[in-house]
Amino acid sequence: MKSKFYVTTPIYYVTAKPHLGSLYSTLLADVAARWHKLQGINTFFLTGTDEHGQKIAQAAAHAGKSPQEFVDGFIDAYKDMWHKYEIEYSHFVRTTDPGHVKAVQEWIRMLMASGDIYKGHYTGYYCTPCETYVTGVEGKEPPCDSCGRPTQEIAEESYFFKLSAYQDKLLEFYEKQKDFVIPSERLNEVISFVKGGLRDLSISRTTVKWGIPFPDDEDHVVYVWADALNNYITAIGYGNEARQEEFATWWPADLQILGKDIVRFHAVYWPAFLMATGLPIPEHLLVHGWIKINAQKMSKSLGNVVDPQLLLDEYGSDAVRYYLTRYMAITQDSEFSTQDLERRINSDLANDLGNLLNRVIALAKKRDMYEITPPENWNPKSLELRDQFWTTLEKYSTSMEGAYYSRALATLFKYIHEVNAYFHASEPWKLKDAQEFEEVISAACHSLYGIAMLLQPVMPNKMEQLLKSLGVAFELGANYLEELDGNPWKRTFLLHAQEPLFKKYELKKEEPPKEKKSSMSEIVIDDVAKVYQCIGTIEKAEHIEGSDKLLKL
Ligand code: MSP
């Protein structure tokens, strides 16, 4: 078992309020952090903002503000949004924090002394929205290889980081730490980029003024990525004598979360910087795909962003947290739509989970049973359900440990179907014998208890409410996974009727698409990847009210 867990999000460019894409990276980190806290593991979760560079300076000038005033104006919007979504970060770092600035300057001095940074001249192209250097033939501006937008030619004196010296070391490292990048397929792109040859990286600018002053050379500021990547170490005390112990506790990071657009910075430049610094490299990078709207990346510059506040007002934080974690698969880009969100809330949360809880409590209440004690001996059907829980727990834990959260949730919801099937097949409403009746209720309560514990990292509020309905108080600190694993089901539950966990939505009839979508292959692959496949025997088929085509199997 891990002795500590350190997870980070990318730090966000503060040119606007957070959008659904920023929420997504941050939410994944929160789920990871809560999953480790659930096991009683000492956890540190870092997020924050990337506040320097040309892009921010331009946006500030456009708004008629100084860069500092401009970025200061967004910080509360980030912090508030994270709080509203129950995101429990340990520290919010800002690259304008004096401690960060000082540590980055010391870092540069150290690398100058070791010869890893030297002065030269840069001629090439620059993409401001991505804050990245782009190579191309002289005189012919290439489009940015990350976002495809036009680049500008720049020619200026610059300090360089000797990236080329790390090419072989990086390749050796990827070979050794094969699971460095999750999903592993994304490492292949990184390896071919590095094999293609690494040029030294320009890490200072003279034509940009908004940045960390380059130490001992006032004409330069530090390149925004060399500044920003270091947040992961400066925030936990790197470069600060008084915080050495703290730094030693947390570094290296166990999981760094980022979108696929910034994988090169994290999987190539960042490990090379760390090698030059003499520090260990993080255990894993979790690289997720993009949230798309009508097949386009959702982004501030495209103007198609979804405001997380509107989703919060309409659906509440837990339902949105569940939907993003379950249905935005890490391995690929995922299409976001509120129609799909409502459909999943209705089917997974209100029907499969919420109704199960309501039915259990309502049935028990009908017979004036509030204290539910376990039977001396469980019958084979209940034991089977318990075994299914243990198997689910194992699979769920494996997926969560591997950071495949959507897979973990698919496994858990399969178990929720099994509990529903058990409940339905046991027909407790027909059972005359009080003990037999109580056994079915008790088995369902034990299952719901386990489900609530496992879902706690994803839906902390609703699962607390569920546990309250079962009379269980939840407090972090213990290792709940250990407690669930092999637990013989000997709990007594005190049932309390509560408000339904999730409300249902009136689904709008979907219009058939007017135009053929542009890329058929993309649609087919995305849709197939969302399908949960299994093999079974159909025992019953019922009509679904309001539909003339659908059957419930
Ligand atoms: N400031 C840099 C990161 C520096 S980390 C040392 C940056 N900032 S960003 O605000 O542009 O993006 C931050 C994160 O949000 C990235 O991981 C990016 O992939 C993610 N998202 C932004 N739009 C997104 C979607 N539409 N979908 C999913 N995530 C995307 O890059």
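K414 is partly exposed at 30% relative accessibility, a label for residues between buried (under 20% relative accessible area) and exposed (over 50%), worked out with a 1.4 Å probe on protein chains only. The structure here is a predicted model, in which local features need pLDDT of at least 70, side-chain atom pairs count only at pLDDT 80 or more, and totals for chains, interfaces and linings use all residues. Residues are numbered from 1 along each chain as its sequence is written, and side-chain values use heavy atoms, with hydrogens and water left out.

K414 pairs up with E418 in a salt bridge at 3.5 Å, N to O; the term covers a side-chain nitrogen of Lys or Arg within 4 Å of a carboxyl oxygen of Asp or Glu. The two sit about one helical turn from each other, because they are four residues apart in helix α15 (residues 405-426). Helices here are DSSP runs of H or I, at least four residues, numbered from the N terminus. E418 is partly exposed too, at 21%.

Across the whole structure, the search turns up 26 salt bridges. Among them, E246 meets R243 at 2.9 Å, N to O, with E246 at 28% relative accessibility and R243 at 27%. D30, R34, K37, E88 and R321 link up in a salt-bridge network.

As for the inside, the largest nonpolar core has 113 residues, a core being buried Ala, Val, Leu, Ile, Met, Phe, Trp, Tyr and Cys residues joined through side-chain atoms within 4.5 Å.
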